[in-house]
Amino acid sequence: MSDIEAYSERAREWLQSVAGEFGGAVRKGLSDAENLALGRRYLKARFDAGYAGINWSPEFGGQGLTHIEKVAFEAEEMKFSMPSGFFGISLGMPVPILMKYCEDKAFAKERVLKALQGEEIWCQLFSEPAGGSDLAGLRLRAEQDGNGWKLNGQKLWTSFAQYSDYGVIVARTDPTVAKHKGLTYFWVDMKSPGVEVRPVKLAAGDHMVNEVFFDDVRIDDSNRLSPVGGGFSVAMATLMIERYTATDSAGFGPHLDLFISLAKETKIGGKPAIEDGRIRQQIARNYAMRNGLDAITARAMLMMRAGMEPGPEGSLNKLVSVRSRQKLSELAIDLQGTDALHYDDQASSKDDWQASWIGAPTGRIAGGADEMLLNTIAERILGLPQDHRPDKGVPFNQIPA
Ligand SMILES: Cc1cc2nc3c(=O)[nH]c(=O)nc-3n(C[C@H](O)[C@H](O)[C@H](O)COP(=O)(O)OP(=O)(O)OC[C@H]3O[C@@H](n4cnc5c(N)ncnc54)[C@H](O)[C@@H]3O)c2cc1C
């Protein structure tokens, strides 16, 4: 058994030992507030067991291990449906950025330790009504105000903003230069006067995303995490920081075995659906596709173990897995007939076809929309020429709205 397999086995044993307290089975029917409280207790237990900040420096409460142990732990953790979702973005991007770019190390250390133990949550305030895929097109303004800055504008789709203590934010500090060059990156206290968070209800019934309004929100210059005008590169670093997280070839939807069971239980033309050639073909296609994606992940892991950096092929994983999850869920719903009309807004997309289907479109947008992933594949894997970019080099305030 390799070291990494031994690590995974130890992690699995620990996860099994706490699954009865925190796992998917005990979370059924819990309200958001109860889930969050349970999540905070789980993060504390994870921290105490030595599985928090796995690849972070011990100086910040981490374990000082590598990215490989981190991904190995995440792959095991995913199987238990632990209540870690509220903290995924916080620990995935804003907190590592704070660790890397905040000059006040004592402040950063205190925040990181609290975030690792579930006591504080950070959100990522990038997207806006006019700037999602095109991050450099954002409009929220930061204007100099004495020795600090004043923020005015709106962010949109900010996950878990309603539970967040702090956020990282990109703002336009100079509209007279090309759009990428006029941005600056800050952290902001979400409890500051002038910050208003309004939850947005998604089709699945949950309120994970929010609109966040900034009305003359005053921040110090010490909140700045990039040079003035240098925010775009820190924003890119934020998006690249965890290029390889644990992926799921099921697209975070149900396991294929669940579809096979359904096909055995339901009928087409009086016969078990599993005997229908079209259903068997879908099972075979999905099986082959998921194995292909697992092979891409396995190759990336081997590259990292060999000290190499995996390439952009990871974008294939999200693109293909979530799209296929959506199609397979639709087929499962068709097979269920009128039984499919039942909808349980507490159900998990990992084991319920309706929840999986209704949540799939957001999965195809969040963290890089399908078309953006196709652009990455076209330009960075296939080497095709870049799209025409008519706003390249044009001062932001001269780009037609
Ligand atoms: C569940 C969820 C959670 C999210 N959480 C956060 C968060 O915590 N923080 C945050 O900042 N944002 C968050 N987002 C926002 C997310 O990053 C954006 O929705 C995403 O980047 C797409 O931006 P948009 O919604 O503005 O769509 P747009 O960018 O307006 O895109 C609309 C459509 O046009 C296509 N398109 C856009 N540009 C191109 C192009 N150049 N070529 C081809 N097609 C193109 C897109 O693919 C898409 O189909 C979240 C979104 C969701 C759904």
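Strand β1 (122-125) and helix α13 (370-381) each supply at least two residues of the shell around the ligand. The model described here is predicted. The domain assignment of the protein chain gives three parts: domain 1 (3-83), domain 2 (123-240) and domain 3 (256-381).

**Ligand shell**
- The ligand is surrounded by 20 residues.
- The closest of these residues are F126, G132, S133, A369 and E371.
- Helix α13 contributes the most to the shell, with four residues.
- By class, the shell holds nine nonpolar, eight polar and three charged residues.

**Domains**
- Residues of the shell come from both domain 2 (123-240) and domain 3 (256-381), so the ligand lies between these two domains.
- The C-alpha centres of domain 1 and domain 2 are 29 Å apart.

**Helices α9 and α10**
- Helix α9 covers residues 256-265, and helix α10 covers residues 277-305.
- Their axes come within 11 Å and cross at roughly 170 degrees.
- An angle over 145 degrees counts as roughly antiparallel, and α9 and α10 are therefore roughly antiparallel to each other.
- On the α9 side, the contact is made by L256, F259, I260 and A263.
- On the α10 side, the contact is made by I279, I283, N286, Y287 and R290.
- Sorted by class, the residues in the contact of α9 with α10 are seven nonpolar, one polar and one charged.

**Hairpin of β2 and β3**
- Strand β2 (residues 141-145) and strand β3 (residues 148-156) run antiparallel and are joined by five bridges.
- E143 stands opposite K150 in β3.
- Two residues lie between the strands of this hairpin.
- In the hairpin, G146 takes a positive phi near 60 degrees.

Methods. Residues numbered from 1 in each chain as written. Predicted model: local features only at pLDDT ≥ 70, side-chain atom pairs only at ≥ 80, totals over all residues. Axes fitted to C-alpha atoms, helices over the stretch in contact; angles between N-to-C directions. Parallel < 35°, antiparallel > 145°, perpendicular 65-115°, else oblique. Contact = placed C-beta atoms within 7 Å. Nonpolar A, V, L, I, M, F, W, Y, C, P; charged D, E, K, R; others polar. Near = placed C-beta within 6 Å. Domains from an automatic or database assignment. Pairing = 2+ DSSP bridges.
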